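Please look over the structure below before reading on. The briefing goes from the overall fold to single residues.

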Amino acid sequence: MKKIPPLRSILLAACLVLQLGPYCSRSASAPGDVDLSFDAGSGVNGPVTTFVQQPDGRMIIGGSFTTVRGLARRGIARLNADGSGDSSF
């Protein structure tokens with residue numbers, strides 16, 4: 001079995017959090033109800049190839065994307081500690 005290097009594991013986990021995080025929370029809705037919080041466009045619209053976490057908990061990401069969390073960003077963006085897009089970056 002091929003072992004995944006630790007940095008690659010972290011990157012894959014970050015990509016999953018960025019793209020799937022909003023959809024993985026539990027809901028109080030009944031089975032079959034329409035999920036009105038679903039928004040397929042709120043993640044990253046392309047691959048994230050690099051990232052660095054800042055001391056304050058925010059994260060700078062880089063890659064081949066043009067939108068991050070609904071903000072127009074071309075290849076580089078910063079996320080707040082809660083995962084939301086940093087509009088001031």
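The model is predicted. The protein has one helix and five strands. Along the sequence these elements come in the pattern α-β-β-β-β-β.

**Overall figures**
- The protein has 89 residues, and 25% of them are buried.
- Its accessible surface is about 6500 Å². Carbon and sulfur atoms hold 60% of that surface.
- Among contacts with a separation of 6 or more, 25% link residues 24 or more positions apart.

**The sheet**
- Three strands form an open sheet with antiparallel pairing. Their order is β1-β2-β5.
- The edge strands are β1 (48-53) and β5 (76-79), and each of them pairs on one side only.
- From one strand to the next, the twist averages 20°.
- In general, strands of a sheet pair through backbone hydrogen bonds, and the pairing is either parallel or antiparallel.

**β1 with β2**
- β1 and β2 run antiparallel and are joined by five bridges.
- Together the two strands form a hairpin, with five residues between them.
- G57 sits in the turn of this hairpin and has a positive phi of about 95°.
- Q53 stands opposite M59 in β2.

**β2 with β5**
- Strand β2 covers residues 59-63 and pairs with β5 in the antiparallel sense. Four bridges make up this pairing.
- I60 stands opposite R78 in β5.
- I61 stands opposite A77 in β5.

**Core and burial**
- Which residues form the largest nonpolar core? There are eight: V44, V48, M59, I61, F65, V68, A77 and L79.
- β2 and β5 each supply at least two residues of this core.
- In soluble globular proteins, nonpolar side chains tend to be buried together.
- Why is β2 largely enclosed by the rest of the structure? Four of its five residues are buried, so the strand is largely enclosed.

**M59 in detail**
- Is M59 buried or exposed? M59 is buried, because its relative accessible area of 19% is under the 20% cut-off.
- Leaving out residues up to four places away in sequence, M59 touches F51, V52, Q53, A77, R78 and L79.
- M59 and A81 are 22 residues apart in sequence. Their C-alpha atoms are 7.2 Å apart in space.

**R69 in detail**
- Where does R69 lie? R69 is in the loop between β3 (67-68) and β4 (71-72).
- Phi of R69 is near 55°, a positive value in a residue other than glycine.
- Most residues other than glycine have a negative phi.
- R69 is partly exposed, because its relative accessible area of 23% falls between the 20% and 50% cut-offs.

Note on methods. Residues are numbered from 1 along each chain as its sequence is written. This is a predicted model: local features need pLDDT of at least 70, side-chain atom pairs count only at pLDDT 80 or more; totals for chains, interfaces and linings use all residues. Side-chain values use heavy atoms; hydrogens and water are left out. Buried means under 20% relative accessible area, exposed over 50%, partly exposed in between (1.4 Å probe, protein chains only). Contact means heavy atoms within 4.5 Å. Accessible areas come from the Shrake-Rupley method with a 1.4 Å probe; for residues, only the protein chains shown count as cover. Two strands pair if DSSP finds at least two bridges between them. Axes are lines fitted to C-alpha atoms, for helices over the stretch in contact, and angles run from 0 to 180 degrees between N-to-C directions. A nonpolar core is a set of buried Ala, Val, Leu, Ile, Met, Phe, Trp, Tyr and Cys residues joined through side-chain atoms within 4.5 Å.
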